Each structure stands twice: as structure tokens, then as C-alpha cells.
Amino acid sequence: MMPGAYPGLGHLAQFARDPLAFFTRLRDHGDITAWRLGPKKSVFVHRPENVKQVLLSVEKEFSTGDDAGYAFGLFAGNGIINTSGPFWRRQRKMMQPGMRPGRIAGYAATMVELTDELTEDLARSCSSGQTRDVRVDMLALTQKIAAKTLFGADVTGDAAAVGRALDVAAREIGAEFRGVTMFLPNWLPTPGRARLKKAITAVEQVLYRIIDERTAAHAAGPAHRTNDRPDDMLQLLMDARDEAGEPMSARQLRDETMTLYIAGHETTGNTLVWAYHLLSQHPEVFDRMAAEIDEVVGDRLPIMDDYSQLKYTEGVVKETLRLYPAAWLLMFTAKADVEIDGYHVEAGTDVWMSQWATHRDPRWFPEADRFRPERWVGDAASDIPSHAWFPFGGGQHVCLGNRFALVEAVLVLATIARRFRIDIDPSLDLPPQPLLTLQPGRNVPARVVLRSQADHLPA
Ligand code: HEM
């Protein structure tokens, strides 16, 4: 057992004060260590082979946790991220086609188009010398990309109101995640919960309206079934049928779209913020990335086909996800007694893993604190043990949007780097805040600098 537990509270205080340091201490304490979060029996695993064992036996031996928290539960309802067992399997099957490579190629065009719009704003800031906030820019961009790929154009008229409501919801979910409110009974009203409910109602009104309009259009005639048909994730979910030929209910469509929205934009947005932070500290990495982008993309806008050639840029994203994993913590519950590497885990025990702790372990990543995208390029990548890097989890519940996220991050970096360098003061102190996602706890001011393309174009 990890030392320092208090009666009744266990290690709650240490966990809440500084979870990243706490999980690093647990890692350094031993291969598998017992600890307690309040009354809950917990163990922490971090070695890649143990992470692998747990991830690959989720559903069979572990469930995805029985309590997502009040706020997240209220927001995402019965969405795929909150479920396991046969219902989860049904949903996963119905949603998976939305993330097939062919679909992602379609989303890629939206990713580039919206990033290109942002570069026009960046151009204005560049010529006026105005400072940008990278955090605001990246979260707004990934939010727009999520909204457009999920709901197409239908949400445009309400975009500002929906955006504000979703912001409130994300803040309340984040605040609960580490606060004492995590332990409050669900029936207890708090001001935060009232704000959250109001925000959810606002988003639901828009969502149900869109679903109703589309259902009515579909019933009205064939036009909707051909050219006019929206080409977005919501439509795909509306058209999906389970094995019994049943569609999702309107409530389930609401739960899944809100899940995709919350799972999809803050994670990728913060990954991009961390990428710009690291690139500003390592100008030589930026130069190498920019040279690759110049060579592959040249003068035009990036397209999906470029992705497979932008290997170093992808290495930048993977290395960013290693050092600053947007999802920094995973927890599963043992369904029955189970052995992990000779350690007996009793049924009902919560098994925790932290990407932060494993990704920064020098046993799996030499010079673990250094930003070295070349680890991910060519043969070097085969030296990395399986499951030493698991930013997207693994096994059957592996992130549904993992390819979407990698493609998005690479194409955003490529679209912007064609024209600009984003310079954040390399000495800016940005301690990561482990909330729902790992994020900088402050604004991130930056200068936009026009690149001199000639320096980087191949001879
Ligand atoms: C850098 C970006 C992202 C990171 C780091 C990330 C990370 C994760 C992680 C760690 C999980 C849990 C996996 C497990 O339990 O083994 C997960 C699940 C999930 N993610 Fe992501 N994610 C990202 C982007 C996205 C995007 C863009 C989408 C959708 C558009 C998405 C949708 C989902 C869904 C639906 C699940 C639940 C899958 C299931 O339980 O079957 N994620 N993600």
C-alpha cells in the first residue's frame, strides 16, 4: 500500500493536490501499488505489459468504471464513453463506420478549410503585430471542426449560443473532476450543477430541433435521400441500424453527438496548444517540420493524401501526446478477481493507469523529458515497447476518434506552417493542469511570424 493514507479519505488529499506528481510517486514506488481514493480500493499499474494486459481485457475482465461523475454523466448521458457491455457494443458497431478512412478523408477537407480561415486572421495579426492567444485560437478551431463534422451546416445559426453553452458545460465537468463535488450525492443541488443543467438544456434544444428537421425532411421525400443529404456524423448516426434493424432513439442520438463533441474537440485543441509550446522551445524541430511540409505540400493547401507523407509532422504530434497526453488518466474496475503480473486484484477494485506517468518513464523512453519527434520516424519507432505510449487507450474501447485526431492535428500544423511560425515565449511557465484533459492553466500569448518560404523549399 502506498504510504500516507488517511482513515476514510485514503490518498484523496495527495491525489487532489497534485495528481501528476502523485501518479509519478506511485510509479516510482513499485510495479503495482495499492492505494485508496476515499473508500474505494484502488491499484495503480504503469509497466507497458501490465497496461496492455488491462486494456486488452476490458469488457472481459474489467468494466469501464461504474461512475463517470455527475456532470459528465448528465452531459453525455448513455453515450458510448459512459457505457460497457452489450449496449456499448451495439453503439460502437453503429458508430464505427463514421470513422472509416473514406469518411475521414471527407472530414480532412473541413479541417483544412477551417484552418485556412484561421490563417487569414493570423495574417492580419501578423501584419499589425497583434499578439494572439494560442489556446483560444486552437480550442475555437477544433470546436468549429467538431461542430461542422458532426452537424454540418445545421448548427451555424445557433453556433454562438451552442458554443457558449458547451463552454459552460465543459468548465463545470472539469471543475467537478478534481474537486470535492466529485463525492457529493447526485440529488444535491449546487450552483455549478444549476449552470450545467441550463447549458445542457440550451444545447439539447438545438440538437433536438436539428434531429426533428432532418427526420421530417427524410419523411417528406426522395430529395433528402440524394444530393441534399447532409454528409456529417449526425446523419450517419441517424441512418445507422443495429442488428435488429432498429435506429438510435432521438435521446441516444443526443447522447452520442454530445459525447463525440466533448471527447473530440478539447483533447485535440489542447494537443495543438502543447505542440506549439514545444515547437517554440525547439526551433530546430519547427524548421525540420516546416521543411517537410514545404516539400510534401508546397504552395497548395494540404489534402488527406499528404498525411501519409508527413511522417515527421506526425512524429511531432505523437511526441506531443507523449509529453502532454490530453487524456492523462484511465480507470477500469475489475469485474471478478484477477491476477496482474502475479499481483492479486480483488473484484470491485479500481485499476488506474496514467499516460503521464508511463510516457515519462526513462525505461521506455530514453531522455524521457526531451522533445524528440524523431523517435517516431522509421525504424526508431520499433524500439518503443508496445503500450508504453497509449494516449488513445487501447483494446476494444480504444478511442473511436484516434485517426481523426491525428489527421486533424497534422493537417492543422501543416496548413498554418505553410505560411506562419507561431512564437510563444520559450520561457513562458506553463504548468499542465490535469482537469478533464491535460491543459495549460492560463492564456498562451504568441506572436505570428511570417515564414520565409524560400529558406525551406527544396533546392
Ligand atoms: C488528441 C485527441 C484525443 C485523445 C488523446 C483521446 C483519448 C481517448 C482515450 C484515452 C479514450 C479512452 C480509451 C480507452 O478506454 O481505452 C478515448 C475514448 C473515446 N474517444 Fe477519444 N481522444 C481524442 C480525440 C477524439 C476524437 C477527435 C473523437 C471523436 C471525434 C474521440 C472520440 C472518442 C470516443 C467516442 C471514445 C469512447 C470509445 C469507446 O468507449 O468505445 N476522441 N479517447
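By class, the shell around the ligand consists of 18 nonpolar, 9 polar and 1 charged residues. These values come from a predicted model. In total, 28 residues surround the ligand, and Trp88, Arg92, Gly394, His397 and Cys399 are the closest of them. For Trp88, an N or O atom of the side chain is 2.8 Å from an oxygen atom of the ligand. For Arg92, a polar side-chain atom lies 2.7 Å from an oxygen atom of the ligand. For His397, the distance from an N or O atom of the side chain to an oxygen atom of the ligand is 2.7 Å. Two or more residues of the shell are given by each of helix 5 (85-95), helix 11, strand 5 (330-334) and helix 15 (402-417). Helix 11 supplies the largest share, with 6 residues.

Helix 11, which spans residues 250-281, also packs against other helices. Helix 7 (residues 134-151) packs with helix 11 at an angle of about 145°, and the two axes are 8 Å apart. The crossing of helix 7 past helix 11 is right-handed. On the side of helix 7, the contact is formed by Val134, Arg135, Met138, Leu139, Thr142, Gln143, Ala146, Ala147, Leu150 and Phe151. Helix 11 contributes Thr257, Leu260, Tyr261, His265, Glu266, Thr268, Gly269, Asn270, Leu272, Val273 and Tyr276 to this contact. The residues joining helix 7 and helix 11 comprise 12 nonpolar, 7 polar and 2 charged.

A further contact of helix 11 is with helix 9 (residues 191-220); the axes of these helices come within 10 Å and cross at roughly 120°. Helix 9 and helix 11 are therefore oblique to each other. Helix 9 passes helix 11 with a right-handed crossing. From helix 9, the residues in contact are Ile200, Val203, Glu204, Leu207, Tyr208 and Ile211, and from helix 11 they are Ala250, Arg251, Leu253, Arg254, Thr257 and Met258. This contact of helix 9 with helix 11 contains 8 nonpolar, 1 polar and 3 charged residues. Thr257 of helix 11 is listed in the contact with helix 7 and also in the contact with helix 9.

The axes of helix 12 and helix 15 come within 10 Å and cross at roughly 90°. Helix 12 and helix 15 are therefore roughly perpendicular to each other. Phe286, Met289 and Ile293 of helix 12 meet Leu413, Ala414 and Ala417 of helix 15. The contact of helix 12 with helix 15 has 6 nonpolar residues, with no polar and no charged residues.

Conventions:
Residues numbered from 1 in each chain as written. Predicted model: local features only at pLDDT ≥ 70, side-chain atom pairs only at ≥ 80, totals over all residues. Heavy atoms only, no water. Axes fitted to C-alpha atoms, helices over the stretch in contact; angles between N-to-C directions. Helix = DSSP H or I, 4+ residues; strand = E, 2+ residues; numbered from the N terminus. Parallel < 35°, antiparallel > 145°, perpendicular 65-115°, else oblique. Left-handed = near helix turned anticlockwise from the far one by under 90°. Contact = heavy atoms within 4.5 Å. Nonpolar A, V, L, I, M, F, W, Y, C, P; charged D, E, K, R; others polar. Near = heavy atom within 4 Å. Polar contact = N/O pair within 3.5 Å; in protein donor to acceptor, adjacent residues only side chain to side chain.
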